[in-house]
Amino acid sequence: MRAAVRERLPVWVQSRCGLEPKTLAALALVLAVAAAFAAQHFWAGRPQPVQPPQVVGEELAETRPEPSPGPPPTAVGGEPAGQGRIVVDVSGKVRQPGIHRLPAGSRVADALRAAGGVKADADTAGLNRARLLMDGEQVVVGVPAPSGAAGTAVGGGGSGAAAAAGGPAGPVGLNAATAEQLETLPGVGPVLAQHIIDYRTEHGGFRSVDELREVKGIGDRRFADLQPLVRP
């Protein structure tokens, strides 16, 4: 019956429907190859994640070598300046007088230890061992300070005679004077002398005579009287 139906079909239909098994196998193989090629082409053309380009400036910053620092500034004796250290001159009746380098924030007591300690016959009654030191200061122990010397802490010697004469023999050092020495100044009594000592203790010493204006109890008129008689 299938043969009869096939004979009734047109010739071009019979030619298309009458494919041999080998032909069908070849056609199936071609279709499979075409499908594989299409799948491979689709896979190769899929979207790919894109990495952002590396910034050139950052790469140069990572590879650029740091400049070589120059030699640090030097202080007295060739040691590096700054870096939290001060230089003081300790003289008078100490075992090792001379230039000493101490950490910033050191006090007179630290300078005396660096100088080997005070000699047995030294008079230190007027020496404030708790006072903060400043860079470049001179600490004189047991002898009068040189006349007109600035930045000097004096311990003993000379102050008693000056007080007996009714006034200081020279400018009074605000950073080193005792309460008794400050009271030799005109218009300065025990209360004002204590205010001066409290101020220098709180602020680490006087850096200029003008800071006297900030002491409680010293007005413009009293400052004018004291200015030529004192020094930092």
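Biologist: Which residue meets Asp 110 in a salt bridge?
Modeller: In this predicted model, the side chain of Asp 110 forms a salt bridge with that of Arg 113, at 2.2 Å from N to O.

Biologist: Where do Asp 110 and Arg 113 lie?
Modeller: Both belong to helix H5, residues 108–114, and are three residues apart, about one turn of the helix.

Biologist: Is Arg 113 buried or exposed?
Modeller: Arg 113 is exposed, at 59% relative accessible area, whereas Asp 110 is partly exposed, at 25%.

Biologist: How many salt bridges are there in the whole structure?
Modeller: The search finds four. One of them joins Arg 131 to Glu 137, with 2.4 Å between the closest N and O atoms.

Biologist: Why does Arg 131 count as buried?
Modeller: Its relative accessible area is 5%, and buried means under 20%. Glu 137 is buried too, at 4%.

Biologist: And which residue pairs with Asp 220?
Modeller: Asp 220 forms a salt bridge with Arg 213, the closest N and O atoms being 3.1 Å apart. Asp 220 is exposed at 58%, while Arg 213 is partly exposed at 45%.

Biologist: Now to strand E3. Which way do its side chains point?
Modeller: Gln 138 and Val 140 point one way, Val 139 and Val 141 the other, and all are buried. In a regular strand, side chains alternate between the two faces of the sheet.

Biologist: How many bridges join E1 to E3?
Modeller: Four, and the two strands run parallel. Within this pairing, Ser 91 stands opposite Val 140.

Technical notes: Residues are numbered from 1 along each chain as its sequence is written. This is a predicted model: local features need pLDDT of at least 70, side-chain atom pairs count only at pLDDT 80 or more; totals for chains, interfaces and linings use all residues. Side-chain values use heavy atoms; hydrogens and water are left out. Buried means under 20% relative accessible area, exposed over 50%, partly exposed in between (1.4 Å probe, protein chains only). Two strands pair if DSSP finds at least two bridges between them.
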